Each structure stands twice: as C-alpha cells, then as structure tokens.
Amino acid sequence: FIPVFVLVSVVIVFYLNILPSIVQNHKVINFIQTETAKSLNLDVKIENPILVTHLSPQIEFSVENISAGKDGVNLLEIKNLDSAISFSNILKKKITLKKLVFDNIFADVNKLMELSGDSPQAEPIKTDWGIELTDSELALKKLSVIYSPDGVTNLKIDGSDISIVAEDENK
C-alpha cells in the first residue's frame, strides 16, 4: 500500500508543481528555441509560457508571444495565446478544447510554405483520437495574413474580433 501511495504522491507533485515549472524554465525555453533554429533554420522566440494544472483533469496554457522569423523577416507571430484543455474524456480518446483565444496572429503564408521546400505532401495520419469543441471559447482579437496563391494575386486578410460561438450570444 505504501509504495502505491508514494507513487501516486510523486505523480501528483510532478503534475501540479514540477511540470508547470519545466514549461516556464528559461533553460527549457532556450533549448526549444535553439533546437528549432537548428532543425528548421528559423529564429523562434517564446516569451512567458505559463502552464497551470489542477487536481481536476484540466490544464491551462498561455504564452505572451511566439514568433518565428528567418533572415530578419517576421514569418509568424502569435500574441497572448490563452488556452484551456480538459482530459476528462481521455479514456474515450477525446480531448476537449475548452478555450483557445489569441490577441493577435500574423502570418506570411508564402514564406512559411517556402520552409517546407519541395518535400512531398505527407499522408494524413489516421487516429482514433478526437478533439471536442462543444461549448468552447474560440476567439481572435486581430488577424493579419499575407498570401499570394499564384505569384500574381496578392491577398492580405485583416480581421478583428473573430469568434466561433455555439449560438447567437446577442439574443
């Protein structure tokens, strides 16, 4: 009985205290940024990631800023990501996305697509897992996307206060 209690205690302490500390650790962030730079030849910056765990099967994750650039050109920037994920249905192979909110997303789609080069399209991986979005808070305060589908046509998509809701909240 005592070894099981000790094992359960270690898992709980790891989940509630150590895992959030690892996510916020500057050495871990620097390692991720360095390895991404090596493998993708990108400058990636991650600022102030925060992971909050609970005794319930839910985690909250936020990041102040994530940016990716190459040769001094900004390709992707995500500001103030705020999310909440529930694992209450994990035995049914479902993860519930409770919240996904961004203050700002900028993406230069063509330059991001250039990163993949001429590599063939990978086949989608089949999985039994699902993501549940029912009653999720999905919102984006500001969006800016640059895309040129054929090299002649240039699209710039700017949006603000974008959200997906289950029903009209203005009723």
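**View 1. Overall dimensions of the protein chain in this predicted model.** Along its principal axes, the C-alpha trace of the protein chain spans about 70 × 50 × 35 Å. The accessible surface of the protein chain comes to about 12400 Å², and 60% of this surface belongs to carbon and sulfur atoms, while 23% of the 171 residues count as buried.

**View 2. Helices and strands along the protein chain.** The secondary structure of the protein chain consists of three helices and eight strands, which, read along the sequence, follow the pattern α-α-β-β-β-β-β-α-β-β-β. Among the contacts in the protein chain with a separation of 6 or more, 51% are accounted for by residues 24 or more positions apart.

**View 3. Surroundings of Ile 46.** Ile 46 belongs to strand E1, which covers residues 43-47. When residues up to four places away in sequence are not counted, Ile 46 touches Ile 29, Ile 32, Gln 33, Val 63 and Asn 65. Ser 67 is 21 residues from Ile 46 along the chain, and the C-alpha atoms of these two residues are separated by 6.8 Å.

View 4. Phe 5 is placed in helix H1, which comprises residues 2-24. Because its relative accessible area is 51%, and a residue counts as exposed when this value is over 50%, Phe 5 is classed as exposed. Together with Ile 2, Val 6 and Val 10, Phe 5 makes a nonpolar surface patch of about 410 Å².

Key
Residues numbered from 1 in each chain as written. Predicted model: local features only at pLDDT ≥ 70, side-chain atom pairs only at ≥ 80, totals over all residues. Heavy atoms only, no water. Helix = DSSP H or I, 4+ residues; strand = E, 2+ residues; numbered from the N terminus. Contact = heavy atoms within 4.5 Å. Patch = residues over 30% accessible without salt bridge, like charges linked within 9 Å, V, L, I, M, F, W, Y side chains within 5 Å. Areas by Shrake-Rupley, 256 points an atom, 1.4 Å probe, with all protein chains shown as cover. Salt bridge = Lys/Arg side-chain N within 4 Å of Asp/Glu carboxyl O. Buried < 20%, exposed > 50% of the residue type's maximum accessible area, 1.4 Å probe, protein only.
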